[in-house]
Amino acid sequence: MRQSAKRLTQKSMRHRLILSMGAGFLAILTVICIGLWGYAQQAANESYDRLLHGAALAILERANLTSGEVRVDIPYSAFEILGLAKQDRVFYRIFTQDNETITASHDLRPAANYKPSERPVYWDDAYSGETVRFMQQARFLTGDARSLWLIVEFGQTCIARHDMVADLFWRGFAVALFITVVGLLFVWIAINRALHPLIDVEQNLRQRDISDFTPLPVTPPREVASLILSINGFISRLKNNLDHSQIFIADVTHQIRTALSALQGQLELASKEQDPDMRQGRVDKAERQSRKTIHLTNQLLAHAMVIHRADQKIVSDIHLGDLIKTVLQSLLREHMKSDIDFSVSIAPEIEDGGPDADLIAGDVISMREALSNVIDNAIKHGPASNKIDISLFAKTGKRLNQLILQVDDAGPGIPEDKREKVLERFYTTEAASEGSGLGLSIVDEVMRSHRARLQLGDSALGGLSVRMIFSRKPGDT
């Protein structure tokens, strides 16, 4: 219940994408707004500056220098031009380069560090409690007695300018906002279409029966094709594991039932037997069946453990020399009173090759179980005076670097035509009918999980030779 609630509170991929795209659109909209504001101010200034410039030119064109005096005929059209901004007030002053006022509506200050020029000069300043846009332009007058610069200065409040800036900005902002909303709508539609294959996968997995292991019938786009292939691969592996588990459970059930039925049958016959010698024989048979059942159960648990650890992919460093010593010490304690002759041979290049000469990567518990099963098989199926040789050596070359762990015995061996079959679960040869049929199957399972090879052959001692071949990368030591 908590997991479902947690899953519902997590943001979906759709929401993450739309939030990311929304943030991108918002950033773009912000940049557009900054640009719009600057453009609106520039457009308003250019428009109303032209009015000031036109009024100044109209006045300067009607100015002249006669008998050393400046005469200015201010045309009505000059103020008619400025009157286009009806809400704004206009201030003006006409003066010479010597700061001699010819005529003025207010005492306006000239621009700082102003040098008379026919090019207009614009600036903003506070005047009469308002923000005012000022402009100065000059004309050089030449007369009989003297020459001078005549300067016209205008000041205009900025009400119309601000209104124009606001109008341009909000109109542009409305268009940009509309485009953003439409763009996000198309993005939402595109995201939904892009995620449609994933939605199909979710619906397919949610609606399919628990026993349905068919691959997903979705044709995904290239970006999620690997995901679909991984899911189909997982379904295939899961089906294979389930099939193997079901077969294994069926085999285990059959074997355990058979063993327990045989044990129960011997005990029932023993309980009904009147002859003491016959009863004792039945009890001995029941005891042997009990040991066999215990051995079978232990082997089944070991097999299940090996499969589980292989699925978990538990990996650590394993020194095969130390592994041999550990397994052999445990077996020697169990067979101290037997006539079995154990010998261990480790090649000099491994013995003297440094700490990594016998190193492989794998699961030490599974490897210990595999080696124990190989030696245990050699003990169980060999003669009373058996001889078991355990050797560890290496094969190296340009493209070859192998560690080989070999166990040879003096037992009856396994015919060549049955060596493939003995690796199957619960298969036993006639000579090994007392076994569980799981020993070499466990070894083969461990080898495959370690990407190693199990090789059965004839021993120089006359029995079976079991080779466990571990491949390493060339150059590994």
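Predicted model: local features only at pLDDT ≥ 70, side-chain atom pairs only at ≥ 80, totals over all residues.
I started at the end of helix α11, where Arg451 follows with a positive phi, near 55°. Helices here are DSSP runs of H or I with at least four residues, strands are runs of E with at least two, and both are numbered from the N terminus. Residues are numbered from 1 along each chain as its sequence is written, and side-chain values use heavy atoms, with hydrogens and water left out.

Next I looked at α11 itself, residues 439–449. Nine of its eleven residues are buried, so the rest of the structure largely encloses α11. (Buried is under 20% relative accessible area, exposed is over 50% and partly exposed is in between, with a 1.4 Å probe and protein chains only.) Among the buried ones I noted Asp444 and Glu445, along with Leu440, Ile442 and Val443.

Then I checked Thr180, which sits in helix α4 (residues 159–194). Is Thr180 buried or exposed? It is buried, at 12% relative accessible area. Skipping neighbours within four places in sequence, I found Thr180 in contact (heavy atoms within 4.5 Å) with Phe25 and Leu29.

On to the helix pair α8 (residues 320–334) and α10 (residues 364–381). They pack at about 55°, with axes 10 Å apart. The axes are lines fitted to C-alpha atoms, for helices over the stretch in contact, and angles run from 0 to 180 degrees between N-to-C directions. α8 and α10 are therefore oblique to each other; under 35 degrees would be roughly parallel, over 145 roughly antiparallel, 65 to 115 roughly perpendicular, and the rest is oblique. From α8, Leu323 and Val327 are among the residues that meet α10, whose side includes Met367 and Arg368.

Last, I went through the rings. How many aromatic pairs does the whole structure hold? The search finds eleven. Rings of Phe, Tyr and Trp (its six-membered ring) pair if their centres lie within 6.5 Å; planes under 30 degrees apart are stacked, over 60 edge-to-face and the rest tilted. I picked Phe79 and Phe154, an edge-to-face pair at 6.4 Å centre to centre and 75° between the planes. Phe79 belongs to helix α3 and Phe154 to strand β7, so this pair ties together parts 75 residues apart in sequence. Phe79 is partly exposed at 30% relative accessible area, whereas Phe154 is buried at 0%. I also jotted down a cluster in which ring pairs link Trp37, Phe169, Trp170 and Phe173.
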